[in-house]
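Subject: A structure for you to look at

Hi,

Here is the structure I promised to pass on. Have a look at it first, and then read my notes below.

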Amino acid sequence: MYCFKKLKQNSDFRRIYGRGTSFVDSAFVVYALKNRSGNLRLGLTVSKKIGGAVERNRAKRVLTAAFYECAPHIKSGCDFVLTARTRILKVKSTEVSAALMKFLQKAELIEKGVNFDNMNYPFGEMNIIVQQFATLKKDLEDDDVLTANP
């Protein structure tokens with residue numbers, strides 16, 4: 001389990017909005033700024049424009065899950081604010097994490113040695129599983145286990 005701290009102070013949000021770098025997606029906006037504490041911190045902003053309490057809570061869950069998937073690969077010492085947009089209600093957290101990972105690569109906030117360029121899924125676990133299955137299936141077909149010729 002990877003741990004990050006939550007931003008709660010209004011002054012932290014204002015500092016990140018004012019001095020941070022922003023990246024815009026159709027479902028969310030990312031603001032990033034390096035901090036001196038050395039910790040990874042996350043703040044969420046979901047306005048009432050998104051919808052009622054249920055929709056806002058879902059948007060927060062999707063954003064948190066996406067950030068949680070990306071967190072192990074992010075350099076420590078950064079503050080992030082994720083601001084939800086109305087389209088967040090129509091996307092899954094895997095799509096959000098893929099877009100977030102793309103932004104993090106552009107901002108060079110990913111640790112060295114991590115490469116996600118050719119992958120459909122942001123961290124490649126799904127691609128590895130699919131490749132292993134395809135290799136296993138090919139091996140079994142070569143052994144005529146899967147081909148049923150009556």
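To start, in which helix do Asp12 and Arg15 both lie, and how many residues apart are they? Both lie in helix α1 (residues 10–19), three residues apart, about one turn of the helix. Helices (H or I, at least four residues) and strands (E, at least two) are DSSP runs, numbered from the N terminus.

Before going further, please keep in mind that this is a predicted model, in which local features need pLDDT of at least 70 and side-chain atom pairs count only at pLDDT 80 or more, while totals for chains, interfaces and linings use all residues. Residues are numbered from 1 along each chain as its sequence is written, and side-chain values use heavy atoms, with hydrogens and water left out.

**The salt bridges**

A salt bridge here is a side-chain nitrogen of Lys or Arg within 4 Å of a carboxyl oxygen of Asp or Glu. The count by this rule is three. In one of them, Asp12 pairs with Arg15, with 3.8 Å between the closest N and O atoms. Asp79 also forms a salt bridge with Arg15, and there the closest N and O atoms are 2.8 Å apart. That pair links distant parts of the chain, since Asp79 is in strand β5 and Arg15 in helix α1, 64 residues apart. Asp79 meets Arg41 in a salt bridge too (2.8 Å, N to O). Asp79 lies in strand β5 and Arg41 in strand β4, so this pair ties together parts that are 38 residues apart in sequence. Taken together, Asp12, Arg15, Arg41 and Asp79 are linked in a network of salt bridges.

Are these residues buried or exposed? Buried means under 20% relative accessible area, exposed over 50%, and partly exposed in between (1.4 Å probe, protein chains only). Asp79 is buried because its relative accessibility is 0%, and Asp12 counts as buried at 15%. Arg41 is buried as well, with a relative accessible area of 18%, whereas Arg15 is partly exposed at 22%.

Arg41 belongs to strand β4 (residues 41–45). Beyond its neighbours within four places in sequence, Arg41 is in contact (heavy atoms within 4.5 Å) with residues including Lys5, Leu7, Asn35, Cys78 and Phe80.

**The cysteines**

A disulfide is a covalent bond between the sulfur atoms of two cysteines. The rule used here asks for a pair of cysteine sulfur atoms within 2.5 Å, and it gives a count of zero disulfides. Cys70 is buried, with a relative accessible area of 0%, and Cys78 is buried at 2%.

**Helix α3**

Helix α3 (residues 93–106) has 14 residues and reaches 20 Å from its first C-alpha to its last, close to the 20 Å expected at 1.5 Å a residue. That expected span is 1.5 Å times one less than the number of residues. Among its buried residues are Val96, Leu100, Phe103 and Leu104. What covers the buried residues of α3 includes β2 (21–24), β3 (28–34), α2 (53–70) and β5 (78–84). After α3 comes Glu108, with a positive phi near 55°.

pLDDT is the predictor's confidence in each residue, from 0 to 100. The chain averages 82, and 73% of the residues score at least 70. Among the elements of the chain, β4 has the highest mean pLDDT (96) and helix α4 (residues 125–142) the lowest (54). Over residues 118–127, pLDDT stays under 50. Where pLDDT is low, the predicted coordinates should not be read in detail.

Best wishes
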